[in-house]
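The following exercises ask the reader to work through a protein model step by step. Please study the sequence and the structure before turning to the solutions.

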Amino acid sequence: MPELPEVESVRRQLLPRLTGRRIVGVWWDPHPHARLHDLERLRERRIERVDRRGKFLVCPLDTGTRDTTLELVLHLGMTGALRVGPTAVPGADPDAGLTHVRVRLDLDDGHTLRFRDPRRFGRASVVADRAYHQVVPTLATLGPEPLSEAFTVEGFAAGLAATRAPVKARLLDQRLVAGVGNIYADEALWQARIHPASRRIGRRRAATLHAAIVTILTAAIEREGTTFRDYQMVNGQSGRYAAYLAAYGQHGRPCRRCGTILRRRVIAQRGTTYCPGCQRI
DNA sequence: CCGGGCCCCTGGATGC
DNA sequence: TGCATCCAGGGGCCCG
């Protein structure tokens, strides 16, 4: 579900509710398919910050020493959502009507962070000393943040030139640029007039695509992301960017630019919508 | 190391 | 109404 704009919107809502809070109680789903790692280490830790890298939320924890770091790393997968609400009183339903709660973190201010995730594609891990490789390998090899100075046209163009996979696959891969998923890949490619199956992207088109990624992610963050199906923010509200989608989920409708009917096909194992009229190989 | 295929899991929408 | 099928915005792993 959530891509960079959605995770960033969640992060901004979590920030005032988690920063400085001590975790006084921890519960997690014992299900064998739950992708939860070392969460018992959260007990009695204080949350120092709520950061984001790509689609990952990274919360540094107070260890009382500079020699070691401890981080809570969360990935929402396709259907993950975070909520903060009152800690339930004993005897009552601890999740107050929320279904599929996989993790509960009780905070020292009487509130509880709940991670609900119907499909269990999400992850929650405690990682020491940034040893991401074992537990969250995608985070270990994550590309530059698209809205930072680290995301350069030069690096992006060179990365695209280095391989022959379809450009859509490269955008989803997370190593070339962090945080782009299926929605914003389709949107950026439409904006840049590049066919998603294109395997050769020259310097000029790379620069156009680079700019499209920055523009679209920025606009989506301003609208607090896209709710197409499941995505909800910490306050339960929907993102408002869905009304601005030009390509994703718009197949069968005329292209806003040239009027050709938008087409949907599977590229890089993902449903992909593009305009056969103005997106060129 | 790469690209492609398949898998993980659950729920909602759709069609018969 | 009930059942089968398909689809979903995530990443990981295995294979050639």
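Predicted model: local features only at pLDDT ≥ 70, side-chain atom pairs only at ≥ 80, totals over all residues.

Residues are numbered from 1 along each chain as its sequence is written, chains are lettered from A and ligands numbered from 1 in the order in which they are written, and side-chain values use heavy atoms, with hydrogens and water left out.

**Exercise 1. Determine which residues of H7 are buried and what covers them.**

Step 1. A residue is buried under 20% relative accessible area, exposed over 50% and partly exposed in between (1.4 Å probe, protein chains only). By this criterion the buried residues of H7 are Ala206, Leu209, His210, Ala212, Ile213, Ile216, Leu217, Ala220 and Ile221.

Step 2. These residues cover an arc of only 165° around the axis, which puts them on the same side of H7. The arc is taken from the directions that lead from the helix axis to the C-beta atoms.

Step 3. On the face of H7 turned away from the buried side are the exposed residues Arg204 and Glu222.

Step 4. The cover over the buried residues of H7 includes helix H1 (4-18), helix H4 (153-162), helix H5 (167-172) and helix H6 (182-191).

**Exercise 2. Describe the sheet with the order S1-S7-S8-S6.**

Step 1. Two strands pair if DSSP finds at least two bridges between them. The sheet is open, has four strands and shows antiparallel pairing.

Step 2. At the edges stand strand S1 (23-28) and strand S6 (81-86); each has a single partner strand, so one side of each is left without a neighbour in the sheet.

Step 3. On average, neighbouring strands of this sheet are turned by 20° against each other, direction ignored. Axes are lines fitted to C-alpha atoms, for helices over the stretch in contact, and angles run from 0 to 180 degrees between N-to-C directions.

Step 4. Five bridges link S1 and strand S7 (residues 101-107) in the antiparallel sense. Gly25 stands opposite Asp106 in S7, and the bridge partner of Val26 in S7 is Leu105.

Step 5. S7 and S8 are likewise antiparallel, with five bridges, and Leu105 stands opposite Leu113 in S8. The two strands S7 and S8 form a hairpin with three residues between them, and Gly110 in the turn has a positive phi of about 90°.

Step 6. Six of the seven residues of S7 are buried, so this strand is largely enclosed by the rest of the structure.

**Exercise 3. Identify the residues that touch the most other members of the largest nonpolar core.**

Step 1. A nonpolar core is a set of buried Ala, Val, Leu, Ile, Met, Phe, Trp, Tyr and Cys residues joined through side-chain atoms within 4.5 Å.

Step 2. The largest such core has 31 residues, of which Leu14, Leu39, Leu42, Leu57, Leu82 and Leu105 touch the most other members. H1 gives the most to this core, with four residues.

Step 3. Contact means heavy atoms within 4.5 Å. Leaving aside neighbours within four places in sequence, the contacts of Leu57 include Val7, Leu14, Leu72 and Leu82.

Step 4. Another core, of 28 residues, lies apart from it; among its members are Ile194, Ile201, Ile216 and Tyr248.

**Exercise 4. State where Gln174 and Arg193 are found, and whether each is buried or exposed, wholly or in part.**

Step 1. Gln174 is found in the loop between H5 and H6. Gln174 has a positive phi of about 80° although it is not a glycine, and it is buried, with a relative accessible area of 8%.

Step 2. Arg193 is found in the loop between H6 and H7. Its phi is positive, near 60°, and at 46% relative accessibility Arg193 counts as partly exposed.

**Exercise 5. Describe the sheet with the order S2-S9-S5-S4-S3.**

Step 1. This sheet is open, with five strands and mixed pairing.

Step 2. Its edges are strand S2 (36-37) and strand S3 (51-53), each with a single partner strand, so one side of each is left without a neighbour in the sheet.

Step 3. S5 and S9 run antiparallel and are joined by six bridges; Leu74 stands opposite Ala124 in S9.
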